[in-house]
Each structure stands twice: as C-alpha cells, then as structure tokens.
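Please open the model in your viewer and keep the sequence panel beside it.

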Amino acid sequence: MTSDLKFALRTLRKNPAVTVVAVLTLALGIGVNATMYSCLNALLLRPFPYREPDRLVALRDDNPTKGINGAWVSYPNFAEWRASSRSLIGLMAFAGNSFNLAAKDGVPEQVDGAQITWDTFQLLGVQPVLGRNFRIEEDRPGAERVAMLAYELWQRRFDGDRGVLGKTISLSGDAYTVVGVMPPDFGFPNRSALWVPLALDPVQDRGSHSLNAYARLKPGVTIEQAHADLASISRRLAADFPESNAGWTLSMVTLHEQSGGGDYRSVLYIMMGAVAFVLLIACANVANLLLARATTRSREMAIRAALGAGRGRIIRQLLVESLMIAMLGGAIGALFAVGFLKLVVAGTPSDRPFWMVFAIDRDTLLYTLALCLTTGILFGLAPAIQASSGALHESLKEGGRSGGSGAGRQRLRNGLVIVEVALSLVLLVGAGLMVQSFLKIQDVDPGFDRSNVLTMRVSLAGKQYDSVSARAGFYKQVLARTSALPGVQQAAMINNAPLSGSTNSSDFEIDGHPFPVGRSPTAAVRSVSASYLQALRIPLRKGRLFAEHEAWDSSRVTVINETMASRFWPGADPIGRRIAFNGDTSANKWYTIIGVVGDVHVRRLTSPPDNDWYLPYSAMPRRTMTILVKTAADPAALTAAVRDAVRAVDANMPVFSVRTMQATYESSMWDRRLYGWMFAAFGSIALVLAAVGLYSVIAYMVAQRTREIGVRMALGARRVDVVRLVLNRGLVLTGAGLVIGGIAAFAVMRTLKGLLFGVSSAEPLTFIGVAALLGTVAIVASVVPARRASAVDPAIALRNE
Amino acid sequence: MIALRNVEKSYPIAGGQVFVLRRINIDVKAGEFVSIMGPSGAGKSTLLSVLGMLDHQWKGEYYLADQPVHKLSPKDRVALNKKYIGFVFQQYHLLDDLTVQENLDIPLSYRDVKKDQRTAIVADALDRFHIVGKKDLYPRQLSGGQQQLVAVARAVIASPKIILADEPTGNLHSDQGREIMELFKKLNAEGTTIIQVTHSDVNAGYGNRVINLRDGWVTE
C-alpha cells in the first residue's frame, strides 16, 4: 500500500494540469455539499442542546375551522394539562419578552428575555453554572421577583462577577433578585439574555393563545400516546368551555418541527438534491479526465499485469490515485465550505435561535470525509475497471504509443458528458425559476411607500406606564418632538410595522351579522397613530382617515382595508358599519368604519393581504410600539436625533430594532433571495463544469483522431469540413443531454412548486433560454478543439503515425 | 513443462471468423530454449501472449506445469503467471515513472514478498546485472541496451521457471543484442526455460529448438 501511495503521488505530480483540474472540480462539488450539509445539520440534524431532546415535544393549538395551524396555547388550558396528564414528566410554558435593563453607566439597554414556568430548565435538563433554578413559590402572581441571567449577559454586564447572586437588578423599572446564571451559549428559547418566572394567574382568558408550551414524555411513552392523553383532556375542556375552546384541537410535534425545521425541511432537501447534482457533475468530469488518462496508461497497466499484478491489484492502484484526488479535493472543498457558509450565514437573519449554529464542525468534516471516499470510488471505479480490463497483449503490441481507446470507453465518456449536460440543465432551469421568483416578488406592490422611512421600537415597561393615559402621553410627546426634527416629514407609530414578522390578530364580530360560536372571523389588528396611513402613503379608497385627536381620545372609529371590505361587504359600502372585538361585552364595544384603505402586505410579500383592522392607539394602547419617521433624505442619518427625542421624554427609555423600512422590506425576502442566489451559484458551477467536461471530451477526441483527420485532409477535406466534423460531435452529445435534461427538469421542477412565486414550474421561456445557453456554451467549448483539428498538418499527422 | 493442445484463436468479422492461431499443438520441456519464428502476422506474438496468459480469448487446452490453464479462473491464471513466468518485451516496457530499482521491485511486490526481503533481492539483482550505478535512474535516462538489461533483470528477479521474450533484441544494435542473448543462454544453462519470438536466425541459434509459424499454423 505504501508503494501504491508513493506511486499515486508521483503520478499526480507528473500530470499537474489534470490533477489541479480534477482536485478543484471535486473541491467545488464537495465544498457546496459540505456547506449544505452544515445547513442541514444546523436546522434539522443536530440534537437540541437539552437532555434527551427526543423526549421533548411542543404543544400547539389548531383551529381547522378558522384555518389556524400551530397556534400557541392558553395558560388556563396549559394549567389543566399539567395537572391532569398521566403520560408526561412535566410541562413547561414560556413567552418571549423584552426588558429594559438599567445599566451601570446610565444608558438603558433593551434585552430579549423570556418568562418561563419555574421548572422549565429542570425539564429541559440544563442546570445553571452559578446559583440555582427558580422555585415553585417564585412562579406565582405577587411572588418575590427573581431573575436568571444568560452567561453572555453575566460576562458583559456584570464582568462575570460571582457575587451577582443575590444582587438586585432593575428590569423595566422593577427590582429583580438574581438567583442564577445559565451555561455559555444557552439562550432558550431563542436568544434570551435573561429569564424571569412566568408567574401567571391561572384564572386568565382561556381564549388567549399567548404561550409556547413544551412537554417531556415519560420513559416508554410515545408521542401518540401522550397526544391521546392530552387530547382527551382538551375534549373535556371544549365541552366545559365551548366559547373559548370549541373548534380547537391539540397537536404535538417534535422540537425541530416546532422550530421551523418543518418549513425548511423541503427547501433543505431540494438544496441537498441540487448540490448532489453538482457533485455528480464534478464526479462525471473527473471520471472523464481519468478515463482519458486511463487510455494513455493502458500500456502501463498491461506491463503491470504481465509482471504479475492481478486485476484487483491494478484497480487498487488506480483507486488509491482517485481517492488521493478525492481527499485533496475534500480538503480544499472543506476550505471552500468555510467561505461558502459565511456567504450563506450573511444571507440569513441575524436573530437566529441559539441552537442554530452554522459551522464546519466534526459532523460536517465526517460527512466530507465520507463524501471524499464515496466520490473517490465513484469517479475512480469506472476508469479503474476500464483500465484493468481490455486486451492487455494488444496494449503491449502497440508499444510506447497510447493504446486504442476502445468503443466501450468512448461510449462511457460520451455518456458521462450527456449526463453532465442533463444535470446542468436541471440545475440551471431550477436557478432560472428561483431567480425569476425572486424578481417577481420584488415586483409585488407592498401597498405602502417604503422609501425614506426609519423605524424603531420602544417598550413602555414599568409602573409609570401602567395607565393608558401615561402611555398615550409618552407617545404623543415623542411624536411631537420627532415631527419637529429638521428633515422629518411625518412621524407615526404602529404596534407592528408591516413585513416586520409580527402581527396581532383578533376575532371580531359585525353589527347585525352574528357568526356561529367558534366561527367568528379574524383580522390583523393595527393599532396606529392618526398619521400612520399618510406617512406610509397607504391610499385611501373610501371615506376618510383618522383625525389627529381620534388617536388619543376615546373615539370609537376604525379604518379597514379593501380585502376586509370586499370580503364582508361585497358590493356594499362598509362606511358607517360597525365592528367589535369578539367577546367584548361592554356597552360601547362597537367601532364605526370611517374609511377603507388599500391593501398592505403585512406578513410577507408572497402572502395575500389579510383582513386589516386599523384602530386608533387609544382603542388598543399597547406598551410596545414601532415609531416610524418619514424623512426627506437618508432616514438612517436621523437615528441619533430620534433616539434623543425619545430620551428627552424619558431618559431611561431605550429604543431598539432600529432599521429603515427599506431594510425591513429587503430582509422580508431573505429566504427567496438566498434560494435564488444559491441556485444561481449551483447552476453556474454546473455550467462551468459541463463546459469543461465537454471541452475535454471533444479535445480528447480530436487528439485521438489526429491521424484520421490527417487522412481526411490528405484526401481533400477542407478545414470547414473538419470543423463541422468536430462540432457535430459536441452538438450531438449536447443535444442528447438537453433532451434528457429537459424531461428530467420538467419532473424535478414540479417538486419546486412550493418555492416558486409568480412563475410556473414548466415556464417554457426558462427551459428554452437555458437550453440555448447550454447549447451556446457547448459550441464555444467545441470550437477550440475544432479549430485545433482544422489546423492539423496532414503530413505531420501521418508521419507521426 | 508446457503443452498446448489444439489451441485456436480467432476474431469475428463480417461473414465469419479470421483465425490468428490454428490447431496449435506444442510441447516444451523444462530447461528448453525454444525460438518461435515466422513472418509478420504469423501469430508469433499472439502465441506468446497465450503462453504468458495475457490473452484469455482462445480455445483448446493449455497445460502449464500440469495445471490445466484452460480451466482456470482469471485469478488463478494470474497466480500461475506469478509463479512461473517472467516477460521480456521488444520495447522493454519499463515503467517510465519508476526508477530502475523500483522497476525491479514491482514483480516482487506483486508476489507479496516482504519489504526487507525485496530490498535484498533487488540489491542482489542490481549487483548481478552490473546496474548498481543505475539504480536511481529513470528508464528515459538509460540507453536501449541498458533498458533491456533492466527488463531482463526484472523478468528474472522473481525466479521464474520460464522466460517469455518477444523479440528481445529487436530494438538493439548488434553488440547489445548479443549481450542480451548471452545472458539468456546463461539463464537457460542455469535451468530457466526460455521461449523467445525472433526474426533472427542468429538469435534462434542460441536456442536448441525452433517452432515455425505461418498464417497461424505450426509448419514444423
């Protein structure tokens, strides 16, 4: 084996051009595969960093009647499940929350945290590195306030001081005692920097689905058994509380499904398929190179056989060479993967959950190693078998010249090129459709003007903002100060800016149009200042917009969007009609519709507009709001001035999530952009590899047929005849690849349907365009060897022979 | 040592078969030095390939050291080849990317001889064929005669019972050719059976028997 290795190394050194092309080709193929595996690992494969994570499940509420899937759960229902279940070790509930953390240097900081049930960390199986967990008595309304810190916050804000335990910190104006510090790189559920007990009163609105819930299964209990256990409790609750629970059913999913893995699963598998295609093309290319070299080495193989080498021994020798190429390609591919992964991560949102780590880790390296071994054998075996078979004595008879290439070997090489072209066509059609989808999304009118708009969030925590008037007062002052800033055209606010990823929805009822129990419709509630609709240039279709005073006083007026108007008042005028929150029993619950405005894509550009229900701030005085500033010039330049305007009203009030509306708009398409770019990259690599493959086959054919070309020219063939002869070969192979690839692409693209937007999976122009592109590349790849063939001097060619 | 019975080899062509070897019946005893002669296209090299088990596409019976080669699997034929046969070619067929020493090592490595033993055997052969000074040179750095000398050394290094030589002096000038033939004579005298293909009556004169081939038939 040592001598095999030594000889393989020498052979590779002897043909540096072949070696470099083969190694780089494989490095590209292995690099993109290692990158995608790393993504798959981060999202789907790597176990969650909890004890026995496969025993943890997420609970979700579904309401098929309303088309709601995967809603959170309500605390009263959760409390009942926790008390009555027999199949679970325990249940935990949690909700994300933001806290204003008073800082030592006087600058308040907004930190993301979570409220959790007291035994959450015990059920997860993660222990604090300092201090203790929460206690049951701390998870009750009115209990002493305690907090646990994330390791990073402890290091950053408290310098890793172990004396932090027992100290008091100010969170949103309230004093909390620090009781523990969690381990490094732990930010359950997403990127929490601190945790406080949930401390909810079980007597809550049973219809408020505001909590995430996980459960740990008892040993030996399956997810189906646990689901049946809790479903029976849910059925009882639905019978006892039909108003809130009718129509709702419980579902149980794994943590990966709960955490978006389900959504990403199909995309990831499609991407893995795409990179597998790239790798197959790379393997086909390298196999072609090695087949060409095997032809020139047939004499060497014949001598080895004559000296006593068995076929297995010759195959082993050649496989050692191909594995060496694969390992070199793998090593460089792993380096490529590091770079590729940085590009992928740069294209994803920065607020990823703590467990979603994109890295070239041990698993990825093992995967890469397995790829190297597999590809080394895959592309090396055919040339090795070819080289070790054949008529050995014929090779020896031909002496020092390269042996005959053989029809079988030529067929294999041609077949590989056809496969390359076919696979490239599939990838390029995929890339074309993805990129078109992305462009189509950019064509979607979001329904508002995103230019020159700065947004930032403010959260009014603490006792001083318990009253509605205090909150309204704060926001009124902030808007007044901001509006007065030079360069500001309009200042406005809303609970959740469009495309920011958050919405608040609520059931509503229509005056004079009762809905059956559990069937009331839902609308996205948009709590706004009067200026909001004008600031974002959302067009008025009917009626009027809010007057300034209506945002702050108790005016019971509302504005709806066109979708809601046409859905509930088709062909009629909704102005003057009244709607109310479902379940509101107060006397003046009705809001009169005063205007209808254009639709806005609130959730995603690719989702159809929801029912949008705009309410004056006074009607829904949220603590956390988004301030929007419409400016005359670059909005980002006003960031500091707007921050100062907020601090002028409350010096301890942090602003957070500062970004332009344009940035929000762009980040709402991150996934489509990323898919488009990745497919385009895979397609480009495939195109280059296919071109190289075609070139090498045609060039090799020309080299092999030099004598024949010389004879043809001696017999009177013109240069153009020789060029045609060579080009024909290239075009026949390409044509065969395009036909096979076209059929394959038609089938494969159907699986992409879910990722496409505004473009058919069988879009003919894309198919034709890609085929034309590949055809052009094939002609270019064939022209160089064709010209070389036409320059053959018949005298020299025949003399050499 | 060697017995061929009705060995035939043919290629299919449109409308029939073209025969390269016809009903070959030959016996070669241990220690013989046999020359196969005949015009170009007579089937001499093909016969040598059959004898050396490089060519498996033939019919008939072939016994080597009482082993029925015609019944053996390719794997067993390789084993038999390793045990009995050494090859010398007209074009030398040294492996270009291996040094003289490594070329000599190759047949031993294919016979799974241990590394330290191989080193000793190769050193002995280098000494015996007076090519110690060339051991680190590559074939392209040697003259034709030197290359053929190495090729003969490589053929005998695994102590084969039979040497098959295909026009071993075809590419050499007369002095070098003579030197190689003297070497074969010496090896034959030491007990090695030698079968050579040659056009040269002079070279045939080193042997003790000639087999003539014409159009695939043994004519004598």
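Begin by selecting Ala93(A) together with Ala213(A): the former stands opposite the latter in strand E10 of chain A. This is a predicted model, in which local features need pLDDT of at least 70, side-chain atom pairs count only at pLDDT 80 or more, and totals for chains, interfaces and linings use all residues. Residues are numbered from 1 along each chain as its sequence is written, while chains are lettered from A and ligands numbered from 1 in the order in which they are written.

Now extend the selection to the whole of E10(A), which is joined to E3(A) by six bridges, the two running antiparallel. Strands (E, at least two residues) and helices (H or I, at least four) are DSSP runs, numbered from the N terminus, and two strands count as paired if DSSP finds at least two bridges between them. Because five of its six residues are buried, E10(A) is largely enclosed by the rest of the structure. A residue is buried if 20 or more other C-beta atoms lie within 10 Å of its own, exposed if 12 or fewer, and partly exposed in between, with C-beta atoms placed from the backbone.

Select helix H3 (residues 75-84) of chain A next, where the buried residues include Tyr75(A), Phe78(A) and Trp81(A). Among the elements that cover the buried residues of H3(A) are strand E3 (88-101), strand E10 (212-217) and helix H6 (223-240) of chain A.

Then turn to the loops of chain A. Between strand E8 (174-181) and strand E9 (194-197) of chain A lies Pro189(A), joined to Phe188(A) by a cis peptide bond with omega about -5 degrees. The loop between E8 and E9 of chain A also holds Asp185(A), whose phi is near 55 degrees, a positive value in a residue other than glycine. Asp185(A) is exposed, with 12 other C-beta atoms within 10 Å.

Five bridges connect strand E1 (residues 2-13) of chain B with strand E4 (residues 59-64) of chain B, and Glu8(B) has Lys59(B) in E4(B) as its bridge partner.

Key:
Contact = placed C-beta atoms within 7 Å.
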